[in-house]
Amino acid sequence: QICNQHNAEAPNLEQAFHRMAQTEPNLDHDVSWFLLPSYWAKMIVALISFLCFANSYDGDFVFDDSEAIINNKDLRAETPLGDLWHHDFWGSKLSSNTSHKSYRPLTVLTFRVNYLFAGGFYPVGFHVINIILHCTISVLMVDVFSILLGGLQFSNKGRRLNLAPKTSLLASLLFAVHPVHTECVAGIVGRADLLCALFFLLSFLGYCKAFRENKEGHNFSIFWVLVSVILGAIAMLCKEQGITILGLNAVFDALVINKLNVLELIQKLLHKDKSLENAGLLRKGLLFRITLLMTGGASILYIRWRIMGTGPPAFTEVDNPASFADSLFVRAINYNYYYSLNAWLLLCPWWLCFDWSMGCIPLIKSISDWRIIALAALWFCLIGLICQALCSEDSHKRRILTLGLGFLIIPFLPASNLFFRVGFVIAERVIYLPSIGYCILFTYGFSLLSKQAKNKKILTVAVLGILLINVMRCALRSSQWRSEEQLFRSALSVCPLNAKVHYNVGKNLADKGNQSAAIKYYREAVRLNPKYVHAMNNLGNILKERNELQEAEELLSLAVQIQPDFAAAWMNLGIVQNSLRRFEEAEQSYWTAIKHRKKYPDCYYNLGRLYADLNRHIDALNAWRNATVLKPEHSLAWNNMIILLDNTGNLAQAEAVGREALELIPNDHSLMFSLANVLGKSQKYKESEALFLKAIKANPNAASYHGNLAVLYHRWGNLDLAKKHYEVSLKLDPMAPGTKENYNLLRRKLEQLQKKGG
């Protein structure tokens, strides 16, 4: 409802509330809550939302951050900005068969700005931006909830009136401190959801401005309607859910601006009543505005479809097992069970997990499964709310419930599996926007209880208790997101049947060098999911390093049998076969890996090592050259080329390769060392000495560096320096091969010189 009430100081605001109460119930009337000026309310919401997630500011890059940020070439300055518009969120080409089709170029652009300003991959800046975004969104929610709960009213000066300051503050606090938001705030990839939510809310507020200077909605600003559509498009370029704001703007227009009675309209349509204009469909330009919104939305979706291509995203059964079920009944039952779990996470966000796939939630395959109760409870509540939203004689109640359900359901639709298959079972991040609807319904329920309660203070204390518990839960969950070890281990108690959880715990342990513990978790991951090829590959790698070659070969062979195009497993199988001296099979495995991943420098490197073992020197050099072409900074391949050419007496060629390598990797001390050896043999002592010293400065504890420099001085005739570096080398490694013999030769020579001098 739009009126021309004067908006002055607090006394005039109270008069506005009084006039409003005469025509429509006010939620704040019976609520025992804090009444604060708007700026104080916003400051408190900002402060509390900051306190919830502040301890995540210095966290690491965790989980999906590695792929979306560290391994994403779109963040680096050398990648043209234009590539962002043709790549998905993870840096893959949208046209690729392996692309997930998640098109979020504006989110990636903010990551790139973070990277450039920080001068590298330093997570603090990324985390700080996420925290600021959530605080900003929470502050905006004060304005949004004041409209959704109190209605849209403007003064005659065009200032919007907050007709529900108490309940809008409560709803904003509920939103700000909801623990299910932790993944979006503390996980850096959650920025997609945060940016989407920011522009989502700005689109809604922009749409409300279209009615700022008009009476009764008969006139409106086309400019602000179009601005709302553009902001919705920007929200979608941050994350796909953003497009749903256009539908919500239409719902808001119909219910709040036009006061449309949905049930009455349906009845008139069914009876083909010609008085639809009286029902509100054509009144106040609603049809024209909805046409603008629909046209804008359709245009945005068409452009998105053209950019993405016609192919659907490629997901596997482990990502979303219900979507691969043959039975429509099984799919429907499990989708609805997933909805009930999402609803439960909003109601009781205690059991939170970074990943809910891979057996975390076993499929419901029979009607006798007790979990059917959750579906029944969900639909019992939803049907009850929908009936009240449609059939209640109280127009205020109809409006609040319909808006609450709209904001709960509509933003969730892209993640519902109804229109297309999604790549997850449950994802806490996708509940960020739907939680707005939850907060509306919770606050409305609180107002109803307050109206009936004799002692309102008890209710107020209970809600304050809920807020406090949520703040503590947010802080605890944020601390778990600070490192992968804490994050992965926290999931063991929530999803013990999730193979990916055990895999990630094992991987984290392996990265820290704790192979024995890692083996235990990898074995459990394979037990839970016997087709988990990545767990088999990593377990096979560890067993290979522990020289348990037979079991390693069995695991890797099984992995490539399950997934024949798994290039990494083929390469690792080749390494094991090479260690078992089955060279022909190893060569075949390497070439199979290269067949499935043509640009595979590490595989060419290992193939070169195989050829070197077989004394096929030309083939070895060609393989290593391919590795350096594909990855110019491949230090091991360069080093092996230099060493092989050196060992075969091709000193000039070895020197040329060494110089080429150092131009590309100027600070690599192992390359300096290898080239210094070649130069020493070529009697270029001065240059060789300079490189040895530079290598020693970079890595002073390498015994071989000191030992070979001593040999150089020994040849050069600089015996005192030779003695010094022999002694340093032996101190660092008393068992260094050849060094002790050379040192003894030098000592005898020095003794002879002393005798002659004597």
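Q: Which residues make up the aromatic cluster that includes Phe61?
A: In this predicted model, Phe61, Phe89, Trp90, Phe111, Tyr115, Phe121 and Phe126 form one aromatic cluster.

Q: Why is the pair of Phe61 and Phe126 called edge-to-face?
A: Let's take the two values in turn. The ring centres are 5.4 Å apart, and rings pair if their centres lie within 6.5 Å. The planes stand at 75°, and over 60 degrees counts as edge-to-face, so Phe61 and Phe126 are an edge-to-face pair.

Q: What makes this a pair that ties together separate parts of the sequence?
A: Phe61 sits in the loop between helices H2 and H3, while Phe126 belongs to helix H5, so the pair links parts that are 65 residues apart in sequence.

Q: How do you know whether Phe61 and Phe126 are buried or exposed?
A: Buried means under 20% relative accessible area. Phe61 has 12%, so Phe61 is buried. Phe126 has 0%, so Phe126 is buried.

Q: What makes Phe204 and Phe407 an aromatic pair, and of which kind?
A: Their rings are 5.9 Å centre to centre, with 85° between the planes, which is edge-to-face. Phe204 is in helix H8 and Phe407 in helix H16, so this pair ties together parts 203 residues apart in sequence. Both residues are buried.

Q: Why are helices H25 and H26 called roughly antiparallel?
A: Their axes come within 10 Å and cross at roughly 160°. Angles over 145 degrees count as roughly antiparallel, and therefore H25 and H26 are described that way. The crossing is left-handed.

Definitions and conventions: Residues are numbered from 1 along each chain as its sequence is written. This is a predicted model: local features need pLDDT of at least 70, side-chain atom pairs count only at pLDDT 80 or more; totals for chains, interfaces and linings use all residues. Side-chain values use heavy atoms; hydrogens and water are left out. Axes are lines fitted to C-alpha atoms, for helices over the stretch in contact, and angles run from 0 to 180 degrees between N-to-C directions. Helices (H or I, at least four residues) and strands (E, at least two) are DSSP runs, numbered from the N terminus. Angles under 35 degrees count as roughly parallel, over 145 as roughly antiparallel, 65 to 115 as roughly perpendicular and the rest as oblique. A crossing is left-handed if the near helix is turned anticlockwise from the far one by less than a right angle, and right-handed if clockwise. Rings of Phe, Tyr and Trp (its six-membered ring) pair if their centres lie within 6.5 Å; planes under 30 degrees apart count as stacked, over 60 as edge-to-face and the rest as tilted. Buried means under 20% relative accessible area, exposed over 50%, partly exposed in between (1.4 Å probe, protein chains only).
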